Amino acid sequence: MHEMTYREAVQEALIEEMQRDPTVFMLGENLRLRGGVYQVAKGLADQFDESRILDMPISESAFVGAAVGAAILGTRPIVDLMFSDFLPLAMDQIVNHASKMRYMYGGKASVPLVIRAFFGAGTSLGCSHSQSLEAWLIHCPGLKVVMPSTPADVKGLLKASIRDNDPIVFLEHRLLYSLKGDVPEGEYLISLGSADVKREGTDITIVATAYMVHKALDAADILEQQGIDVEIIDPRSLMPLDWDTIFHSIQKTGRLLIAHEACKTGGFGAEIAAIASEKAFGYLDAPVKRVCAPDVPVPFSPPLEQLYIPTKDDIIAAVREMVS
Amino acid sequence: MSENQSDMIGNLTREDLIQLYRNMIETRFFEEMVSSLNIQKGIPETAHLCIGQEAIGVGACYALQKDDYVVPALRDRSIFLSRGVSAAILMAGVLAKVTGPAKGKWPAHHMGDLEKGIMAASLVIGSQFPLAVGAGLAFSQKGTDQVCVCFFGDGASNRGDFHESLNLAAILQLPVIFLCENNFYAIDTPTSKSMLIEDIAVRAESYGIPGMIIDGNDVLAVYHAVDQAAVRARAGEGPTLLECKTYRMRPHTERLQEDRSEEELEYWSGKCPIKRFTEFLYDHDYLDDNLEKKIKIETDGMIEEAVRFAEDSPYPGAEELFEDICADSEYREGWLCMK
């Protein structure tokens, strides 16, 4: 174990996998000099030449599609897409190509591709630089979606994603980059489709993703003082989803709250709520609730943006309503 | 555009010339059979027949090595047959049978077969450009001398992906040949209504790469142009844009009716690539009545056998619904679950 930031954990995973497998290479904008906008890959250009870390022009559709083509022909590209708000620029290549190729070849082709992108509000960058678009992605059969919340998880999941034989969109919340935590050294892999119980409790289950995991943990500390024992589950990969872990928690607590930063309608939380009502209705003692952003664009002005972002207090209020 | 077949034989032997002829005949007969099955019984495939454009796929593929790759456009049966996909498997695909490409789950006219150097493209016009750049990127990563030919139509050259991909291939000097089959129509919109230039080849200049105009109904001209572009690409000199002027003799698909002038159809039927090449072969004594008849009888037999195979094949079974979606997973209750 060593303590490092989320950013350093991403970088450690990238370096280890690029050293381990010569077919792994990175492509994206502003990588070689800067290491990407959040400098996650800073310094990698000193270790890897221009055939391993490629600077791309502002042509997201072309370089995501090129990564798909290169992945089919035996390489393992990692795309640094920068803002996840750029996903729509490459959505044809992701939805109609990357995620459908195995099917289109009758199982005789693989697309071992990781598309890394950061997301989330909180830095006053406006509504086309701050969104959480994961719900679009889980609605696309053939695509896997990963959203780690801690330095250890991001290392283990990124390494596993790079070795996976399917296309993956790997979403990193930008406010987590400076978060510190203990990370196992060297070989450390986390299987996709394995949720993690971030806090054990008996009164209510909170399914939270990315930065909301930490807000849920803070809320749980306060709620504990009020006599409410919260269990927090981080699915870590949204597709595939580890429903069993969520189900067992609901069986124990009888209550389910979902917390994510994306806006509410058609969000990941809606899917979890729907599955819970299909498969765990008999165990639920209260209606399922969601803590999410409202269905509005992410505002630019900081006071408005803070109103938009779901908070620890929103979680506390929702839990208190449910456990009375 | 010359009215006559070019006589650039170059390094091609008599055997090569006859093989080119055979590939064009096979393509034409296959397409005519698809058309006739469509009329007689209806077929699952929305047929985008390449009748009139056979010289392009046939000529281009003949210039490639076995380990090269192609990304076909939507009207390229000639490519699949030229790269060695059997007529039987293709026909099973037309009928959506389990013996066809992707076990009948994906239309045969966009099929991929990596062993035969064919990359699958989606049904989205002009989305194949980035995939071809990716093939070039993979060759460059591996340090091989392979090339990839990306086929597309005039309409696709108006997509943003065309611009992004030619630029990307150019700056990385990738071994990709962008081959436009300009048949002057996107469904029924003429190119004159979708671009203000006469020649798509001039777009190459904006990416700093060579662009060439070729008589796309001249199989030898296509062969030599692709051959030269491939030499260039293998030498590390980057991509080329080739524009083959051609004409489709059928509607965009067999499900659409189109209203084009008799005069125009007649003009282009006079430039039929098979008719022109046949005359050339006769004039130079490469082909005679006996050989022509033999090739046509053999092709007829092959196509009939393909139809028999396709009709006798079953449709994909219900278990196929959940196969070939993710690598290491299985589906339970319609849900992706890790194994």
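In this predicted model, chains A and B bury about 3,500 Å² between them. Carbon and sulfur atoms give 68% of that area. Three residues, A:Leu73, A:Tyr103 and A:Met104, supply 22% of the area that chain A buries against chain B. In terms of contacts, 46 residues of chain A meet 43 residues of chain B. Salt bridges between chain A and chain B number zero.

The largest pocket has a volume of about 600 Å³. Its lining comprises 25 residues. Closest to the pocket centre are A:Ile138, A:His139, A:Cys140, A:Pro141 and A:Met239. Both chains take part in the lining: α6 (134-138), β12 (237-239) and α10 (268-279) of chain A each give two or more residues, as does β9 (335-338) of chain B. The most comes from α10(A), with four residues. By class, 17 lining residues are nonpolar, six are polar and two are charged.

A:Met1 counts as exposed because its relative accessible area is 64%, against a cut-off of over 50%. Leaving aside residues up to four places away in sequence, A:Met1 touches A:Asp182, A:Val183, A:Pro184 and A:Glu185. The C-alpha atoms of A:Met1 and A:Val183 are 5.2 Å apart, although 182 residues separate the two in sequence.

How values were computed:
Residues numbered from 1 in each chain as written. Chains lettered and ligands numbered in written order. Predicted model: local features only at pLDDT ≥ 70, side-chain atom pairs only at ≥ 80, totals over all residues. Heavy atoms only, no water. 1 Å grid on protein atoms, 1.4 Å probe; cavity = no way out; pocket = protein on both sides within 12 Å on 5 of 7 lines; lining within 4 Å. Points joined across faces, edges and corners; volume = space filled by probe spheres on them. Nonpolar A, V, L, I, M, F, W, Y, C, P; charged D, E, K, R; others polar. Buried < 20%, exposed > 50% of the residue type's maximum accessible area, 1.4 Å probe, protein only. Contact = heavy atoms within 4.5 Å. Buried area = accessible area lost by both parts, 1.4 Å probe. Salt bridge = Lys/Arg side-chain N within 4 Å of Asp/Glu carboxyl O.
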